[in-house]
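Please look over the model below before reading my notes. The points are brief and numbered.

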Amino acid sequence: MDNNASVNQTNCTHGDAVERYMYPTAYSLFFIVGFPANCLSLYVACVLVRKGNNLAVYLISLSVGDLLYILTLPVWIMMALGQEVNDSLCSVIAVVMFNSFYVGSGFLCCISVDRYLAIVFPLHFGRVRETRTAVQVSAVVWLMEIIIHLSLLAYKDAIRNFSAFQMCKEPMIMSNTFAVVAITRAVLGFLVPVLIMTFCFMEIIRALKKSTSTVVSERRKICFLLLFLLFTYLVAFTPFQVVMFLRGLLEPGHCSAAQNLRDFYMVFVATTTINSVLDPIIYCLISESAKIEMKNLFTCFGKQVNKIYSSVVKP
């Protein structure tokens, strides 16, 4: 930590009302809804991949990233309630949380670019939109996100102190080193993906307006899917990323800035979970193929329940 930040850290304090009162309730609700929703989305996407749906490959990775983040919520709840958490576990869940943020943005970009190529250039890039290519691209995205995240951790010297430093504990004042990382994450992990997704969405809308194809209604459903995914992502992450960016610019060495931004930051950390909860719900409600697979799953489940019930009550 930089000297100016370390000197001011002990003299700069702030209440923890947001963590104590908001986190247990909000994270409990997000976990109750988000865990089964992402499990269902993951199952549906896996079934569709076996049927050759390349878009489902990206949705599998998106669901895995969201599910990993959802699984960290019980630990955040424990800490909010004042329970002690092992330093290594604390660091692990912090890494999982931040990595999930940016893995999600990466795969939303993949989905947007895939639909952009399919709708704007339907007669080209066939090989790019194959399932095998989607698997390869997904592997590259995971690898890139992990390498970038590890590089930022190394820059902060967090890897060397991984098991001795609670990375999930936010310092009251952001150091200059942390500020560089925060701004880098905001630009590369949020602004760039949003620009890519927005460009793809606008081009898709333009192409659909010109299209006279008989499958235009199905394409419009895909357009709505992208719109809701993009809208949810912006609602969930824009406040958080804006505050992170402001912290990076204003906070190092300034206690007053840290105190003014602290509550906003803690609230917006929690609201990022909205994205992990709503992504699978949006996909399962809008995608026709997903709705068909869910119907098949629930029908099969209902038959099994009836069979068990019949065998129990049968005289």
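1. How many disulfides does the count come to? The count is 0, where a disulfide is a pair of cysteine sulfur atoms within 2.5 Å. Cys110 takes part in none; the nearest cysteine sulfur belongs to Cys109 and is 7.0 Å away.

2. A word on the basis. This is a predicted model, in which local features need pLDDT of at least 70, side-chain atom pairs count only at pLDDT 80 or more, and totals for chains, interfaces and linings use all residues. Residues are numbered from 1 along each chain as its sequence is written, and side-chain values use heavy atoms, with hydrogens and water left out.

3. Are Cys110 and Cys300 buried or partly exposed? Cys110 counts as buried, at 12% relative accessibility. Cys300 counts as partly exposed, at 44%. The cut-offs: buried is under 20% relative accessible area, exposed is over 50%, and partly exposed is in between (1.4 Å probe, protein chains only).

4. Helix H4 covers residues 87–120, 34 residues in total. Helices here are DSSP runs (H or I, at least four residues), numbered from the N terminus. From first C-alpha to last, H4 reaches 49 Å, close to the 50 Å expected at 1.5 Å a residue. The expected span is 1.5 Å times one less than the number of residues. Of the 34 residues of H4, 27 are buried, so the helix is largely enclosed by the rest of the structure.

5. Val120 also lies in H4. Val120 is partly exposed, with a relative accessible area of 23%. Beyond neighbours within four places in sequence, Val120 is in contact (heavy atoms within 4.5 Å) with Arg115, Glu203, Ile204 and Ala207.

6. Thr232 sits in helix H7, residues 216–250. Thr232 is buried, at 6% relative accessible area. A polar atom of its side chain lies 2.7 Å from the backbone oxygen of Phe228. Apart from neighbours within four places in sequence, Thr232 contacts Ile274, Asn275, Leu278, Asp279 and Ile282.

7. Helices H2 (residues 17–50) and H8 (residues 255–271) pack at about 10°, axes 10 Å apart. H2 is therefore roughly parallel to H8, a label for angles under 35 degrees. Axes are lines fitted to C-alpha atoms, for helices over the stretch in contact, and angles run from 0 to 180 degrees between N-to-C directions. The contact involves residues of H2 including Tyr23, Tyr27 and Phe30, and residues of H8 including Arg262, Met266 and Ala270.

Note on methods
Helix = DSSP H or I, 4+ residues; strand = E, 2+ residues; numbered from the N terminus. Polar contact = N/O pair within 3.5 Å; in protein donor to acceptor, adjacent residues only side chain to side chain. Parallel < 35°, antiparallel > 145°, perpendicular 65-115°, else oblique.
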